[in-house]
Amino acid sequence: MVRAYAIKGMKRKNRGEKYDKEEQEHEEQVGEAEKERAKRAAIEKPTEEVEVKEEEEGAEAGTDELVGIPIAPSEKMNNTNGVIFVLEKASLEVAKVGKSFQLLNSDDHANFLRKNNKNPADYRPDITHQDLLSILDSPVNKAGRLQAVYVRTEKGLLFEVKPHVRIPRTYKRFSVQLLQKLNITAVGKREKLLRVIKNPVTNYFPVNSRKIGFSYSSDKLVKMRKYVDAVDDDVNLVFVVGAMAHGKIEVDYIDDFIAISGYPLSAAMCIARITEALADKWSIL
């Protein structure tokens, strides 16, 4: 007698469909439970969900955003006067070396610079990198008292750097990520962290501001702590520091030229003394 294979196959098929239906029903129950849980969480914490959605939408919409440079201001300015730094004569020149554009520096492009009748010692973009790190890492900035940083190059190009930009710690990443793009947007936001702006820089200073320049050759040698203590609390301080290897800043908008040491100091050390004196004046620990 021949066995009914077709009927046996039908039984297996029906049994398989039964298992599939049970799994589908289980998945639907789990999905409904997750939806209810999500609804409950949205009712309890609606603001967090909105913030997450906004961050996701901003990340998808951004086209020129740079990963690793978030907006993270520590404290907001509470109508208090602050400090502005201007880095003058910064050596930030980009040129095509070989097949790519590079930020010229004395270590990597000495031969290229000599062939073009330029002095390699004048090309020190690492000084600007050190200066920005010294300013942005200071307790004055973390306390929210830094209003802005402006960088003007030897060629007259003017940059604005936001106080809450996160500068790369190494010079190589600094040159690639920031200086070759010239226009950086924060991740998930539309705020420009570094951008090129129009000259003159004085257009961006507050009305009640005092512009102070620094030079070792100045006849006015002062102690930085006493100097800032003598300034009224309603005055905005603008410190102008040279970001070049040697020479003197020559600008016409400075109110006072001072020296803060009997010895030549690097720009980063000069900035460190300034921020330390300001932290003492404003009781920032």
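Leaving aside its neighbours within four places in sequence, which residues is Val 83 in contact with?

Mentor: Happy to! First, a word on what you are looking at. This is a predicted model, in which local features need pLDDT of at least 70 and side-chain atom pairs count only at pLDDT 80 or more, while totals for chains, interfaces and linings use all residues. Residues are numbered from 1 along each chain as its sequence is written, and side-chain values use heavy atoms, with hydrogens and water left out.

Now to your residue. Beyond the neighbours within four places in sequence, Val 83 is in contact with Val 140, Arg 145, Leu 146, Gln 147, Ala 148, Leu 237, Phe 239, Leu 278 and Trp 282. Contact here means heavy atoms within 4.5 Å.

Of its 285 residues, 41% count as buried, where buried means under 20% relative accessible area, exposed means over 50%, and partly exposed lies in between (1.4 Å probe, protein chains only). Among contacts with a separation of 6 or more, 76% are between residues 24 or more positions apart.

Val 83 also belongs to the largest nonpolar core, which has 45 residues; Val 83, Val 151, Phe 214, Met 224, Phe 239, Ile 274 and Leu 278 have the most contacts inside it. Such a core is a set of buried Ala, Val, Leu, Ile, Met, Phe, Trp, Tyr and Cys residues joined through side-chain atoms within 4.5 Å. Elements that each supply at least two residues of this core include strand S1 (83–90), H4, strand S4 (146–153), S9 and helix H8 (267–281). The largest share, seven residues, comes from H8. Apart from this core lies another, of 14 residues, among them Tyr 150, Ile 197, Ile 249 and Tyr 253.

One contributor, helix H4 (residues 125–136), reaches 17 Å from its first C-alpha to its last, close to the 16 Å expected at 1.5 Å a residue; the expected span is 1.5 Å times one less than the number of residues. Eleven of the twelve residues of H4 are buried.

Next, the rings. The structure holds five aromatic pairs, counted when ring centres of Phe, Tyr or Trp (its six-membered ring) lie within 6.5 Å; planes under 30 degrees apart are stacked, over 60 edge-to-face and the rest tilted. Phe 85 and Phe 239 have ring centres 5.8 Å apart and planes at 35 degrees, so this pair is tilted.

Tyr 150 and Phe 205 have ring centres 6.5 Å apart and planes at 65 degrees, so their pair is edge-to-face. Tyr 150 is buried at a relative accessible area of 4%, and Phe 205 at 11%. Ring pairs link Tyr 150, Tyr 204, Phe 205 and Tyr 253 into a cluster.

Finally, strand S9 (residues 236–242) also holds Asn 236, which counts as buried at 7% relative accessibility. The side chains of Asn 236 and Asn 81 are joined by a polar contact of 3.4 Å. That term means a pair of N or O atoms within 3.5 Å; within protein, one must be able to donate a hydrogen and the other to accept it, and residues adjacent in sequence count only if both atoms are side-chain atoms.

Note on methods. Helix = DSSP H or I, 4+ residues; strand = E, 2+ residues; numbered from the N terminus.
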